[in-house]
Amino acid sequence: MTDATTPLALKIKYWGKELGFSDVGITNTDLSHYEGDYFQWIENNYHGDMAYMERHGTKRTRPTELEPSTLSIISVRLNYLDLNAKSPIEQLHNDQQAYISRYALGKDYHKLLRKRLQALANKIAQEVPDFQYRAFTDSAPVLERPIAEKAGLGFTGKNSLIIHPRAGSWFFLGELYTNLTLPSDPPFTKQGCGPCTACIQECPTDAILDNGVIDARRCISYLTIEFKGNIPIELRPLIGNRIYGCDDCQLVCPWNKFTKPTEEAAFKANIYTKNSLDNIQLLSLWQWSESQFLKNLEGSPIRRIGYPQWVRNLAIAIGNSQAINAEKAIHILHTQLGKITPLVDEHILWAIQQHKKPLLSNSPNGLSPKNYSKDTPNQHSRQIPFHAPKYYLPFKVL
Ligand code: B12
Ligand code: SF4
Ligand code: SF4
C-alpha cells in the first residue's frame with residue numbers, strides 16, 4: 001500500500017504492478033547514445049518496405065520532438081508467453097502444423113496495453129493535477145527498446161530483443177511519456193549474452209547480421225507480417241511452417257529458461273476455443289474462406305495482415321511441408337488458384353512446384369525429402385527444417 005508520504009516514482013511502480021504490468025521502470029528523454037545506430041540502420045535500408053520507420057526523422061530518437069512536454073518516460077513490460085499452450089518446439093518441427101508466433105496466439109496486445117497504460121495514467125492524474133502524458137505501445141515513432149534498456153527493464157540481446165536476466169524476453173513493451181520530473185532507474189549497461197551466439201547461429205534466414213543488428217528484409221517476422229509483396233524465392237524454403245512471425249531467436253536463448261508465464265487471459269491460446277492457434281494444421285487453415293478468416297480471428301493481431309497475405313504465407317508453408325502428401329498438397333493448393341490476387345497465385349504456383357519436384361524425381365513413394373540447403377552470407381549451409389541443439393524454455397512447454 002502507498003500513502004501520502006511515499007515518493008511518486010515508487011507509487012507509480014506499485015500501481016503499475018497492481019494493474020498487472022510485469023515490471024515498470026523510469027528514465028529521462030536522452031536517447032542520444034542510440035541515435036547513431038538507429039539512423040545507420042535506416043541508412044543501410046535494413047527496414048525494407050517499412051516506410052513508417054524513416055518517416056518521422058528524429059522524432060523517434062528525441063522524445064521531446066514528438067511530445068514537447070515530456071520530462072520523464074515510464075517504461076512498462078508485460079509477459080505474454082502462455083506456458084499452457086502446446087509446445088512451440090513440437091509445432092515448429094511438425095510441418096503439417098502451422099507455427100504462429102507465441103505473441104499472436106491470443107488477442108491483440110495493442111488495445112490491452114494501451115488501456116492499461118491509460119489506467120496507470122488515471123491513477124497518476126488523481127495525485128498530480130496538471131499531469132500530462134501520452135501512452136504508446138508499438139504504435140508511434142518511439143524507440144521502445146532503448147527506452148526499456150535505459151529504464152532498467154533489461155539489456156539488448158544479440159537478437160536485438162530486450163532480455164531481463166530474471167524473466168527472459170517474452171514480453172511486450174509500452175510507455176507513458178510524461179511531464180513529471182521523476183528519478184531515473186539505473187539502466188542496463190552490460191549486455192548479458194557473453195560468448196553465446198545461439199540466436200545468430202539458429203536464425204533460419206541469417207537475419208541477425210551482427211550483435212543487435214537485424215536486417216528486417218531477411219527476418220521471417222517481417223516477411224510474414226509486415227511485407228505485402230513477393231517473398232524472395234531463396235527465402236521461401238527457409239520460412240518452413242512459420243505462417244505468422246517467428247520466435248526462433250527467443251526459443252534458443254538461454255535466458256528464456258527464466259521466462260515468467262503470462263497472467264493475462266487475453267494472451268492465452270485457449271481464448272479461441274474453436275481454433276486454438278497453438279495446435280492447428282496448415283490444411284485446415286487453408287480451408288478458411290475470407291469471412292471465416294475474419295470471424296475466426298476476431299480480436300487477433302493476425303487479422304491485420306489481411307486474407308491475401310494470410311493465404312500467401314500458408315501457400316509457402318504448404319509448399320515447404322514434407323509431411324503433407326504431395327498429390328494432396330497439389331490438389332488442395334489448386335483450390336485457391338485464380339481466386340485472390342496474381343501475387344498470391346504466384347506463391348501458390350511456387351508451392352505446387354515444390355511438391356511436383358519429388359513426384360518428378362521418381363522416388364519410390366514420391367515423397368523424397370526436399371533437401372534444401374542454404375547458401376548464406378556467412379557461408380554455412382544447413383538442412384531445413386533445422387533442429388537447434390538446445391531450446392530454452394521452462395520445462396513445462398518443451
Ligand atoms: C520495426 C520492428 C520490427 C521489425 C524490425 C526488428 C528490429 N530488430 O528492429 C521486425 C518486423 C523484423 C520485427 C520483428 C519482431 N518484433 Co518487432 N518491433 C519493431 C518496432 C516497431 C521498431 C523497432 C526498431 O526501432 N527497430 C530499429 C532498430 C535499429 O532499433 P532497435 O532494435 O530498437 O535498436 C536499438 C538497439 O538494438 C540499439 N543497438 C543497435 N545496435 C546495437 C548493437 C549492440 C551491440 C547493442 C547492445 C545495441 C544496439 O540501438 C538501437 C537504436 O538505435 C518495435 C516497436 C517500437 N516502436 O520500438 C517492435 C518490437 C521491437 N518488436 C517486438 C517483438 C516482440 C518482435 C518479434 C519477437 C515478433 C515475432 N515473434 O515475430 C520479432 C523479433 C525479431 C527480432 N529479433 O528483432 C517487441 C520487442 C519486445 C522485447 N522483448 O524486446 C517490440 C518492442 C514491440 C512491443 N511494443 O512490444 N519488429
Ligand atoms: S525472428 Fe526469426 S527470422 Fe527474425 S531474427 Fe529472429 S530468428 Fe531470425
Ligand atoms: S541467444 Fe545468446 S546471444 Fe542470442 S540474445 Fe540470447 S544470450 Fe544473447
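A nonpolar core is taken here as a set of buried Ala, Val, Leu, Ile, Met, Phe, Trp, Tyr and Cys residues joined through C-beta atoms within 7 Å. A residue counts as buried if 20 or more other C-beta atoms lie within 10 Å of its own, as exposed if 12 or fewer do, and as partly exposed in between, with C-beta atoms placed from the backbone. The model is predicted: local features need pLDDT of at least 70 and side-chain atom pairs count only at pLDDT 80 or more, while totals for chains, interfaces and linings use all residues. Residues are numbered from 1 along each chain as its sequence is written, and chains are lettered from A and ligands numbered from 1 in the order in which they are written.

The chain contains 15 helices and ten strands; these are DSSP runs, helices being H or I with at least four residues and strands E with at least two, numbered from the N terminus. Along the principal axes, the C-alpha atoms fill a box of roughly 80 × 45 × 40 Å. Buried residues make up 43% of the 398 residues. Of the contacts with a separation of 6 or more, 77% join residues 24 or more positions apart, a contact being two C-beta atoms, placed from the backbone, within 7 Å.

In soluble globular proteins, nonpolar side chains tend to be buried together. The largest nonpolar core in this model has 92 residues, of which Tyr80, Ile100, Leu314, Ala315 and Ile318 touch the most other members. Helix H13 gives this core its largest share, seven residues.

H13 has 15 residues and spans 22 Å from its first C-alpha to its last, close to the 21 Å expected at 1.5 Å a residue; the expectation is 1.5 Å times one less than the number of residues. Twelve of the 15 residues are buried, so that H13 is mostly covered. The buried residues include Trp310, Arg312, Leu314 and Ile318. Beyond its neighbours within four places in sequence, isoleucine 318 is in contact with Leu282, Trp286, Ile324, Ala329, Leu333 and Ala351.

Arginine 312 also lies in H13, which runs over residues 306-320. Why does arginine 312 count as buried? It has 28 other C-beta atoms within 10 Å. Not counting residues up to four places away in sequence, arginine 312 touches Leu343, Val344 and His347.

Arginine 242 is buried because 26 C-beta neighbours lie inside 10 Å. Its contacts, leaving out residues up to four places away, are Tyr99, Ile220 and Thr224.

Three ligands come next; a residue is near a ligand if its C-beta atom, placed from the backbone, lies within 6 Å of it. Around ligand 1 there are 38 residues, with Tyr38, Glu144, Gly212, Ser221 and Gly245 coming nearest. Two or more residues each come from helix H2 (32-43), helix H6 (144-150), strand S7 (171-178), strand S9 (213-214) and helix H8 (220-226). H2 supplies the largest share, four residues. By class, this shell has 21 nonpolar, eleven polar and six charged residues. Ala, Val, Leu, Ile, Met, Phe, Trp, Tyr, Cys and Pro count as nonpolar, Asp, Glu, Lys and Arg as charged, and the others, Gly among them, as polar.

Ligand 2 has 13 residues around it, of which Cys203, Cys219, Cys246, Asp248 and Cys249 come nearest. H8 and helix H10 (248-251) each give two or more residues to this shell, which divides into nine nonpolar, three polar and one charged. The residues around ligand 3 include Cys193, Cys196, Cys199 and Cys253, along with Lys158 and Trp255. That shell has eight nonpolar, three polar and one charged.

Most residues other than glycine have a negative phi. Serine 160, which is not a glycine, has a positive phi of about 80°. Serine 160 sits in the loop between strand S5 (155-156) and strand S6 (162-163), and is partly exposed, with 19 other C-beta atoms within 10 Å. Aspartate 206 likewise has a positive phi, near 55°. Aspartate 206 is in the loop between helix H7 (198-202) and strand S8 (208-210), and is buried, with 20 other C-beta atoms within 10 Å.
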